[in-house]
Amino acid sequence: MKIERKKFAFAPPPLAHLCFCNCTTCVINVLYWPILIRCPFRVTCVCGKGIFKTGIIHLQNFLPMRQLSKTVRAMLLCCSFFTQIHVSLTQTPVFIRASVPNEITLTAPEDSIYQYQSTSVYNNATTIVHFEDIRDHISNNLLSFQIPGTYTNLIVEPREVESTDTVHYTWSGIANESGFFSITNRENLYAGFIQTDSGAWTILPLREHYSLLLRHDVSVLDTVDCVMEEGESAAEPPDYCSEAYNICPAVIDVLLFFTSEAVAMVTRYADANMKALTMDGFVKTLENSVNFAFENSDIPNKRVRFRWIIHNPGYSSTTNIDYLLDQFVSDSYVSSALSSYRADLGIFVTAINFSNAARKSNIKLLDYPSSSHRHSVVSFQAMHTPRWTLPHELTHLLGAGHNWCNNVPCSNCDCNNYDYCNHGYRFYAGGLERRTIHALGNERILHFSNPNVDYLGEPTGVFGDYPAYNAQIIRNTGCVVAAYSSSPEVKAMISGPSKLCGITGEFSSTIFYASILPPAQGLPGQAPYTVSWWWNETGVFTYQAPDEFLGTGNQITLTDVPACNYFTLHIRVRSDDGIYFTASKIIFTGLCEECQEERIVKTNNPLLSSSRQQSIKFFPNPTSGQFIAEFHVEGEPDDAMIFISSMDGKMQYDFGRHLISRGVNRIALDLSNLPNGFYNMHLISAKRKLTALITLQKNKP
Ligand SMILES: [Zn+2]
């Protein structure tokens, strides 16, 4: 499908030799394009003495900028005679784009939600965006797109995927090594979130293929945080820190009680059917924020499953959260709903932003998880990105607690050592302060503290006298909490490692198990079960090619690495009474020798050199001018050009040639003379090319 046709005119390239041409093909300087391109596209090159060359560049699939750049770099050396290049580019649809004016006419209910979000003080910008099916846009296991309304290009590596059939799926991953992205498709209604260092967005469904992209204004969130009361001298809690690595499978069923006001913040005046579909997608996104955080934090075999209902009790209008929580705990309607939905936990979602505390759980510092602590209250505005109060309150009920007082800066922290490894963690990584889900503050990363898991090269927790290891307590209490109630629905998950091959790269045959959690007796989905195993590279399964069938049975043994650098392992299960259900697991293989060999071959070939393991990081980023560029390179030393270009591709600053050695290199650079904005830094040598985005913000500390 052809959606637009653009002409790009290039100024003379900033470097001496930037393109290459033969009789049929021109390769152009896409290195500097701030956009993502799909191919094929036609180019016409105007050579120095008026020689015109026309040809077609055909590149497979959807290639992000840095991959296109590789192709270009290989051609740089061959040509020195172009002065100008014109490109006619036929773009095929992109995964997400802003809708163009008059593309759709909003119905009255759609306009209502659009106007409501556009004028909300919680949003900086509201954009109507169009989504394509993600399956058409995953290439080399990666999803690449530009966030509409920004110059931010995301390259997302998968972490967590669920697909029940070909039209319902949730796909989540790590964006540009430090951000978080999740999309849920339910009947072509798209919900999700994006969190990066440059902003936080929520995606709300509007109609089929169209959603609202809300850019949040973090500064208006209140500074009041979660309240955890000091506990009485309770009985000595079980030692939930003791077990080394608890992998018992658990599904924690959570019932969300939305007030009508809170529902209206998602749907406004949509009709009942649209309201239900929209809320289902939004709630699935909330559910995914917890499961994604479990995956990020090495909490295997633990899942949450959300359902939602509307509840408008008389006490819902109170602005006193202590009173509200007390009433919610003793509400007989709530008790019977938790029972009839077989929910383990209940969370009240209110549109009120409280002045005395933003959200609260009925568990105290010295308490430990028990079925008498199963209620929380959250304010709608803070429950999702970038604050993640919903995963925060939910896991309080699993025993997770705030950061220590000595883990400064800190307010409302936990100051006493209870010999209880349940604390959140603040730390610095990538030049910014970071907070795990239980460290207090307005912006958090989707991680529970864990000394064994890194974020941008820094551990997300600590051992010792003041341990920060929320992941450990969640692993140990997940099965306790999941047992509060019998299960409403059968559930499967795949047990096994998320990574094949460690730092040594060695692969040995690995067994994966199907863990099936049956529902309560008498409900559909009973044992025995028939399990079939599959894998593919996109994570969305149709059970025909290119999906690969692996076998049947309760376990499967992988004797080889099926794909580099990621693949999705999948099971389709049939219960004795004919219910089908599925589970998926994304597995990273990038460190396996097989994949390393492939990478070395690629590195030797300049057309295909991989930059996956060779990247530039900046400290700080954003920078006020002076910064450190740190990059890790493989292979032999050589010398490289380092320069800065603006987003429209013009060279802005040439730092000259630098000797690049194998391993970690650090170079101090200064951009103080340039105006604020986004820039690409490039490192180009005969053997390698790296590009990374840096933000210059001179007026901010
Ligand atoms: Zn809290």
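Two residues are in contact here if their C-beta atoms, placed from the backbone, lie within 7 Å. Among the contacts in the protein with a separation of 6 or more, 67% are accounted for by residues 24 or more positions apart. This is a predicted model, in which local features need pLDDT of at least 70 and side-chain atom pairs count only at pLDDT 80 or more, while totals for chains, interfaces and linings use all residues. Residues are numbered from 1 along each chain as its sequence is written.

The secondary structure comes to nine helices and 41 strands; helices (H or I, at least four residues) and strands (E, at least two) are DSSP runs, numbered from the N terminus. Of the 701 residues in the protein, 47% are buried. A residue is buried if 20 or more other C-beta atoms lie within 10 Å of its own, exposed if 12 or fewer, and partly exposed in between.

A nonpolar core is a set of buried Ala, Val, Leu, Ile, Met, Phe, Trp, Tyr and Cys residues joined through C-beta atoms within 7 Å. The largest such core has 136 residues, and Val-254, Leu-256, Ile-347 and Val-349 are those with the most contacts inside it. Leaving aside neighbours within four places in sequence, Leu-256 is in contact with Val-283, Phe-306, Trp-308, Ile-347 and Val-349. A second, separate core has 15 residues, including Phe-618 and Met-681.

Next comes a helix pair. The axes of α4 (residues 272-296) and α7 (residues 389-396) come within 9 Å and cross at roughly 65°; axes are lines fitted to C-alpha atoms, for helices over the stretch in contact, and angles run from 0 to 180 degrees between N-to-C directions. That makes α4 roughly perpendicular to α7, a term covering 65 to 115 degrees. Where they meet, Leu-286, Ser-289, Val-290 and Ala-293 belong to α4, and Leu-390, Pro-391 and Leu-394 to α7.

Some backbone features remain. The peptide bond from Ala-527 to Pro-528 is cis, with omega near 0°, and Pro-528 sits in the loop between β29 (510-517) and β30 (530-536). Another cis peptide bond joins Cys-564 and Asn-565, the latter found in the loop between β32 (555-558) and β33 (566-574).

Glu-187, in the loop between β15 (179-186) and β16 (189-196), is a residue other than glycine with a positive phi, near 50°. Glu-187 counts as exposed because it has 11 C-beta neighbours inside 10 Å.

Notes
Angles under 35 degrees count as roughly parallel, over 145 as roughly antiparallel, 65 to 115 as roughly perpendicular and the rest as oblique.
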